[in-house]
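Trainee: I would like to learn how to read this structure. Please take me through it one feature at a time.

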Amino acid sequence: MEQENKPIITVNNSYEIDITGFLKKLWLKRRFILITTVIFLLIGLFYAMIAPVQYTSTCTVVPQTGNRSGGSSLGSVAAIMGVNLGTAMMTEGTLSPNIYPEIIKSVPFTREIMKTEVIVKKSNGQPITLYDYYADKQYREFNLLGAIKKYTIGLPGVIISAIRGGNQSAIVETSPVVDSTNVFNLSSTERRVYNAIQKAIDINPNSKSGTVVIGYTFPEAKVAAEVTDKIYNTLEEYVSQFKSEKLNDNLEFIEKSYETAREDFLNAQDRLTSFQDANRGLTTASARSMEARLRNEYDIAYTIYRELATQREQAKIAVKENQTILTLVNPPVVPLVKSAPRRSIIIVGFLLLGVVISVGWVFISPIFKAIKEEITE
């Protein structure tokens, strides 16, 4: 017994590891290590079997950010007039793909996804909304793992929720309530549905390749693909609406600038012609200098007026164009292979965890025992 509890690492001004003692101690405790490893292996098997099956469908899109409205020319004209338009927004007129995750996280966007109609196994062939699926447990398969977590790790939360909402009746609404200040008030059910949808959505913008990968995870393969397609279409609508607003703002700005430039041009033209009519001979140097100054003002006013007239027509065309904002390069398909659970990885992980814990306990337990005896003495 003394040899069994003898520490493997001894301190003599340096650390020395006794390999022979290390292997010997493992051999002596082989039964404990084997039993512990088998227990963890069985836990891993149990977890892998009861973990809910999930399917993930993805699609890949490429945002179109080409300059179609002549924004750079407008920027140069605005610079002449002393106005800074902001090059990124005016030249592109589109949102950066890095903003897409924030759009998807927004409550209005998630509300649109909640309205997606799907047909699940427990709906008896009748279409239900995604909101109904997550809000009403009758449409979902029984999740043993979720129930275990809920009444073990999540038991304090269940008790707190019961105390807080014990006197409230369950009201299921199809959309969040919006007050007069456009602030969304989500009920507990709506918040739960929002969190469930956000947890299932995956979006990864890749700045290097210029692509955006959108995915959705769901217990049924076909529904996963359908919701992924809905997310793509809704995102395109949001980005297109933003671009449309920017193009309209652009056109409004050009219209105002055009009217101002036109008035300035006509005034400069009137001043020049009036001066020329009154000074036909131009015999004095001051008269020639005045004419040159008026002609320069006229030329500058005409250049700005002509440029803005061109930009005005281009902006009108850009507003009327029905341009694709997100190009779908890899459409969502119904996945054939489940994305979770990865049973082989789970089993191997629990197996290794059992080996590590049992071997670690073999060498750590004598240290705890020695500390306990020292405290007792």
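Trainee: Where is the place of Pro341?

Mentor: Pro341 is in the loop between strand E10 (326-330) and H13. Helices (H or I, at least four residues) and strands (E, at least two) are DSSP runs, numbered from the N terminus. A word on the source: this is a predicted model, where local features need pLDDT of at least 70 and side-chain atom pairs count only at pLDDT 80 or more, while totals for chains, interfaces and linings use all residues. Residues are numbered from 1 along each chain as its sequence is written, and side-chain values use heavy atoms, with hydrogens and water left out.

Trainee: Which kind of peptide bond joins Ala340 and Pro341?

Mentor: Start with the general idea. Most peptide bonds are trans, and most residues other than glycine have a negative phi. Here, Ala340 and Pro341 are joined by a cis peptide bond, with omega about -5°.

Trainee: Which residue other than glycine has a positive phi, and what is its value?

Mentor: Look at Asn124. Its phi is near 55°. Asn124 sits in the loop between strand E4 (117-118) and strand E5 (128-129).

Trainee: Is Asn124 buried or exposed?

Mentor: Check the cut-offs. Buried means under 20% relative accessible area, exposed means over 50%, and partly exposed is in between (1.4 Å probe, protein chains only). Asn124 counts as exposed because its relative accessibility is 69%.

Trainee: What does the protein chain come to in helices and strands?

Mentor: The chain has 13 helices and ten strands. Of its 377 residues, 31% are buried. Its accessible surface comes to about 24000 Å², and 57% of that belongs to carbon and sulfur atoms. Such areas come from the Shrake-Rupley method with a 1.4 Å probe; for residues, only the protein chains shown count as cover.

Trainee: Why is helix H6 largely enclosed by the rest of the structure?

Mentor: Count its buried residues. Helix H6 (residues 107-114) has eight residues and six of them are buried, so it is largely enclosed. The buried ones are Val107, Phe109, Thr110, Arg111, Ile113 and Met114.

Trainee: How do I read two helices that meet? At what angle do the axes of helix H1 and helix H13 cross?

Mentor: First, the axes. They are lines fitted to C-alpha atoms, for helices over the stretch in contact, and angles run from 0 to 180 degrees between N-to-C directions. The axes of helix H1 (residues 19-28) and helix H13 (residues 343-376) come within 10 Å and cross at roughly 110°. That makes H1 roughly perpendicular to H13. For the angle classes, under 35 degrees is roughly parallel, over 145 roughly antiparallel, 65 to 115 roughly perpendicular, and the rest oblique.

Trainee: Which residues make the contact?

Mentor: Contact means heavy atoms within 4.5 Å. H1 brings Phe22, Lys25 and Leu26, and H13 brings Val359, Val362, Phe363 and Pro366. By class, the contact of H1 with H13 has six nonpolar, no polar and one charged residues. Ala, Val, Leu, Ile, Met, Phe, Trp, Tyr, Cys and Pro count as nonpolar, Asp, Glu, Lys and Arg as charged, and the others, Gly among them, as polar.

Trainee: How many salt bridges does the count come to?

Mentor: Side chains of opposite charge can pair when their charged atoms come close. The rule asks for a side-chain nitrogen of Lys or Arg within 4 Å of a carboxyl oxygen of Asp or Glu. By this rule the count is six.

Trainee: How far apart in helix H11 are Glu252 and Lys256?

Mentor: They are four residues apart in helix H11 (residues 221-278), so about one helical turn separates them. Glu252 is partly exposed at 42% relative accessibility, and Lys256 is exposed at 54%.

Trainee: Which salt bridge ties together parts that are 57 residues apart in sequence?

Mentor: The side chains of Glu255 and Arg312 meet at 2.9 Å, N to O. Glu255 lies in helix H11 and Arg312 in helix H12 (residues 285-320), so the pair ties together parts 57 residues apart in sequence. Arg312 is buried, with a relative accessible area of 17%. Arg312 also meets Glu313 in a salt bridge (3.9 Å, N to O). Shared partners join Glu255, Arg312 and Glu313 into one network.
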